[in-house]
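Here is a report on one protein chain. Keep the sequence and the structure in view while reading.

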Amino acid sequence: MRCIYIKSKKLPRGLINACYINVEKSANTILYNLYVLMIYLVLTGGVEGTGPIWIFIVSPVTFSIRGLKRGTFDIVLFLIAVILAFYFADAFDIYNYEPNQYTYRVLFSFVIVAMLSAFYEYTREKYNDKIIALSQKNEVLATIDPLTNLPNRRYTMKKLEEFKLALSRDQTPFVIMLCDVDNFKKINDVYGHDIGDEALTHLANTLKQNIPDKALVSRWGGEEFLIAIPNAVKEKGVEVANKIHASLKNNSICELPESVNLTISIGVIQCQEARSIDLDIKHADELLYTAKE
């Protein structure tokens with residue numbers, strides 16, 4: 001079987017699944033043909049009774065192809081088939097294994113090899129699970145801001161590209177809101193960086209509570225946050241901005257020694273199909289600093 005290489009950023013899921021299924025079918029076909037050959041060698045004795053020796057390759061091959069659970073099931077069935085092959089070889093005088101203990105020693109040795117192969121496969125799967133879990137954790141860390149638990153700039157840019165694609169393809173509008181904490185340096189200087197971090201966490205929670213369900217809020221960098229609202233026009237962005245301002249006004253930062261309210265400046269734009277994402281963000285940034293002034 002040949003899998004054709006397609007030059008793209010990401011292969012279609014259906015193609016990947018089809019390739020995987022075809023490879024799995026081919027591997028299983030080879031494995032079960034191997035079972036048939038091994039049973040035949042046991043039944044006929046092979047060359048001068050050496051046929052049963054070849055069954056020791058079955059365990060590692062089975063576990064490498066079928067995994068631990070399915071491999072164990074297959075090995076048990078194969079072992080039963082081998083025992084029957086030894087029995088029929090003797091009962092029907094197909095091949096006479098001498099001495100009589102030879103059969104038992106081969107079966108016992110096969111069981112030992114199968115158990116060792118199963119243990120190796122068990123440790124390999126556990127190790128792979130740890131690698132996958134670590135990879136998933138690193139992937140999360142690569143897209144999530146550790147302080148606010150909001151998506152970071154890297155993740156947000158991917159989502160903005162998706163929104164821009166929907167705008168170009170389906171004319172689905174979306175709004176970008178760029179937010180910046182006013183006088184944040186003063187908060188750090190007066191109250192310390194720990195309180196500054198608490199202020200950013202407080203703001204992140206406020207933003208999450210006051211945006212539409214399908215909207216995205218992320219930490220854009222430092223004290224800047226970016227909100228993207230899909231399927232919305234600029235008026236909706238202004239409405240959300242007013243809601244955020246009101247919520248910040250009514251909720252002070254509890255960690256400060258005195259009641260202090262955060263204020264933020266927000267630049268709101270409706271993204272245009274003719275503009276790139278970078279230009280959209282630049283335009284929102286210009287409106288943000290106009291608001292600060």
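This is a predicted model: local features need pLDDT of at least 70, side-chain atom pairs count only at pLDDT 80 or more; totals for chains, interfaces and linings use all residues.

What follows covers the sheet, the helices packed on it, and a few local backbone features.

Four strands make an open sheet, ordered β2-β3-β1-β4, with antiparallel pairing. The edges belong to β2 (216–221) and β4 (264–270). Each has a single partner strand, so one side of each is left without a neighbour in the sheet. Neighbouring strands are turned by 20 degrees against each other on average, direction ignored.

The pairings are listed here, with one residue pair for each.

| Strand pair | Bridges | Direction | A residue pair |
|---|---|---|---|
| β1 and β3 | seven | antiparallel | Ile 176 opposite Ala 228 of β3 |
| β1 and β4 | seven | antiparallel | Val 181 opposite Ile 264 of β4 |

A further partner in β4 is Ser 265, which bridges to Asp 180.

How many residues of β1 are buried? Eight of its eight residues are. Both faces of β1 are covered. One side carries Phe 174, Ile 176, Leu 178 and Asp 180. The other carries Val 175, Met 177, Cys 179 and Val 181. All of these are buried. Strand β4 is also mostly covered, with six of its seven residues buried.

Leu 216 sits in strand β2. Its relative accessibility is 11%, so Leu 216 counts as buried; the cut-off is under 20%. Which residues does Leu 216 touch, leaving aside neighbours within four places in sequence? The contacts are Pro 151, Tyr 155, Thr 156, Lys 159, Ile 211, Leu 226, Ile 227 and Ala 228. One of these contacts, Lys 159, is 57 residues from Leu 216 along the chain. The C-alpha atoms of Leu 216 and Lys 159 are separated by 8.5 Å.

## Helices on the sheet

Helix α4 (residues 153–170) lies across β1 (174–181), β2 and β3. Helix α4 runs at about 130 degrees to β2. Helix α7 (residues 234–250) also packs on the sheet, where it touches β1, β3 and β4. The direction of α7 makes about 165 degrees with that of β4.

## Helix α6 and its partners

Helix α6 (residues 193–209) has 17 residues. From first C-alpha to last, α6 reaches 24 Å, close to the 24 Å expected at 1.5 Å a residue.

The buried residues of α6 are Ile 195, Gly 196, Ala 199, Leu 200, His 202, Leu 203, Ala 204, Thr 206 and Leu 207. An α-helix has 3.6 residues a turn, so residues three or four places apart point the same way. What do the buried residues of α6 pack against? They meet β1, α5 (184–191), β2, β3, α7 and β4.

Two of these contacts are between helices. Such a pair is described by the angle between the axes and the distance between the axes.

Helices α6 and α7 pack at an angle of about 135 degrees, and their axes are 10 Å apart. That angle makes α6 oblique to α7. Their crossing is right-handed. On the α6 side, His 202, Leu 203, Thr 206 and Leu 207 take part. They meet Ile 244, Ser 247 and Leu 248 of α7.

Helices α5 and α6 pack at about 140 degrees, with axes 7 Å apart. That makes α5 oblique to α6. From α5, the contact uses Phe 184, Ile 187, Asn 188 and Tyr 191. From α6, it uses His 193, Ile 195, Gly 196, Ala 199 and Leu 200.

## Backbone features in the loops

In the loop between α2 (58–91) and α3 (101–143) lies Pro 99. A cis peptide bond joins Glu 98 to Pro 99, with omega about -5 degrees.

Asn 149 belongs to the loop between α3 and α4. Its phi is positive, about 60 degrees, although Asn 149 is not a glycine. Is Asn 149 buried or exposed? Asn 149 is exposed, with a relative accessible area of 57%.

Gln 171 is in the loop between α4 and β1. Gln 171 is not a glycine, yet it has a positive phi of about 60 degrees.

Notes
Residues are numbered from 1 along each chain as its sequence is written. Side-chain values use heavy atoms; hydrogens and water are left out. Two strands pair if DSSP finds at least two bridges between them. Helices (H or I, at least four residues) and strands (E, at least two) are DSSP runs, numbered from the N terminus. Axes are lines fitted to C-alpha atoms, for helices over the stretch in contact, and angles run from 0 to 180 degrees between N-to-C directions. Contact means heavy atoms within 4.5 Å. The expected span of a helix is 1.5 Å times one less than its number of residues. Buried means under 20% relative accessible area, exposed over 50%, partly exposed in between (1.4 Å probe, protein chains only). Angles under 35 degrees count as roughly parallel, over 145 as roughly antiparallel, 65 to 115 as roughly perpendicular and the rest as oblique. A crossing is left-handed if the near helix is turned anticlockwise from the far one by less than a right angle, and right-handed if clockwise.
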